[in-house]
Amino acid sequence: MATEDAYTAEPFVPDRGGLSALRKAAANCRGCPLHRDATQTVFGDGSADARFLLVGEQPGDQEDRQGKPFVGPGGRVLQRALPEAGLDPADAYFTNAVKHFKFTQSEPRKRRIHKAPTLREVAACEPWLAAELAVVEPELIVLLGAIAGKAMLGSSFRVTQVRGTVLEEEIHGRPERLVPTVHPSAVLRADDREAAYRGLLADLKVAAQALK
Ligand code: URA
Ligand code: SF4
């Protein structure tokens with residue numbers, strides 16, 4: 001078994017083949033302990049020709065069951081907001097910083113409660129994100145929340161400081177443009193959901209403008 005310090009997806013990532021080869025290999029990733037309790041790997045979804053890449057945190061309960069990102073309540077917020085902001089979901093590649101669902105459960109058969117991944121788990125899973133980025137080569141990256149931002153830009157990332165702006169950063173030797181915003185599930189937890197949704201929408205409109 002790998003020691004804790006050795007958490008990494010790296011040895012599982014194939015160095016050739018497109019998204020289908022990556023997805024197939026990711027199904028067997030054992031790069032960190034999160035694969036143990038989750039149902040399946042939830043790899044990214046979308047075309048290699050996608051114009052923009054959206055990065056969330058990790059799959060939730062529904063995503064874990066269905067094997068597809070952004071199909072649960074948070075995903076529905078996003079699917080509503082994209083076209084409203086002028087972004088075509090057909091142009092998007094959807095993925096997460098971490099590919100397995102992390103949760104707590106008080107008893108078997110009780111509801112599984114989402115638990116935030118640690119930075120070590122985020123770092124372990126990052127080779128998958130890097131591989132997706134290298135295949136898709138998006139014109140723009142939309143960062144959904146703090147974990148996505150930390151996965152791509154490092155642990156000093158603060159979403160409140162940079163949301164709704166176009167950042168230009170070099171990632172794995174390639175210049176990238178990124179627009180950070182809040183996590184769509186945070187909209188559902190906000191005291192004022194309407195205001196939180198309008199904030200998400202305003203940030204996504206910045207992304208839509210940057211893609212014009
Ligand atoms: N669904 C996902 O796949 N990822 C998130 O970050 C939230 C909802
Ligand atoms: Fe591999 Fe990522 Fe799953 Fe950990 S969370 S086992 S690194 S795919």
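Predicted model: local features only at pLDDT ≥ 70, side-chain atom pairs only at ≥ 80, totals over all residues.
Mentor: Residues are numbered from 1 along each chain as its sequence is written, ligands are numbered from 1 in the order in which they are written, and side-chain values use heavy atoms, without hydrogens and water.

Trainee: Why are β1 and β2 said to pair?

Mentor: Strands pair if DSSP finds at least two bridges between them; β1 (residues 52-56) and β2 have 5 bridges in the parallel sense, so they count as paired. Within this pair, V55 stands opposite T95 in β2.

Trainee: What makes β2 and β6 edge strands?

Mentor: The open sheet of 5 strands has the order β2-β1-β5-β7-β6, and β2 (92-96) and β6 (167-171) each pair on one side only.

Trainee: How do you know that E63 makes a polar contact with ligand 1?

Mentor: A polar contact is a pair of N or O atoms within 3.5 Å; a polar side-chain atom of E63 lies 2.9 Å from a nitrogen atom of ligand 1, so the pair qualifies. An oxygen atom of ligand 1 is also 2.6 Å from an N or O atom in the side chain of H183.

Trainee: How much of ligand 1 does the protein bury?

Mentor: By the Shrake-Rupley method with a 1.4 Å probe, ligand 1 taken alone exposes 230 Å², and the protein buries 96% of that.

Definitions and conventions. Helix = DSSP H or I, 4+ residues; strand = E, 2+ residues; numbered from the N terminus. Polar contact = N/O pair within 3.5 Å; in protein donor to acceptor, adjacent residues only side chain to side chain.
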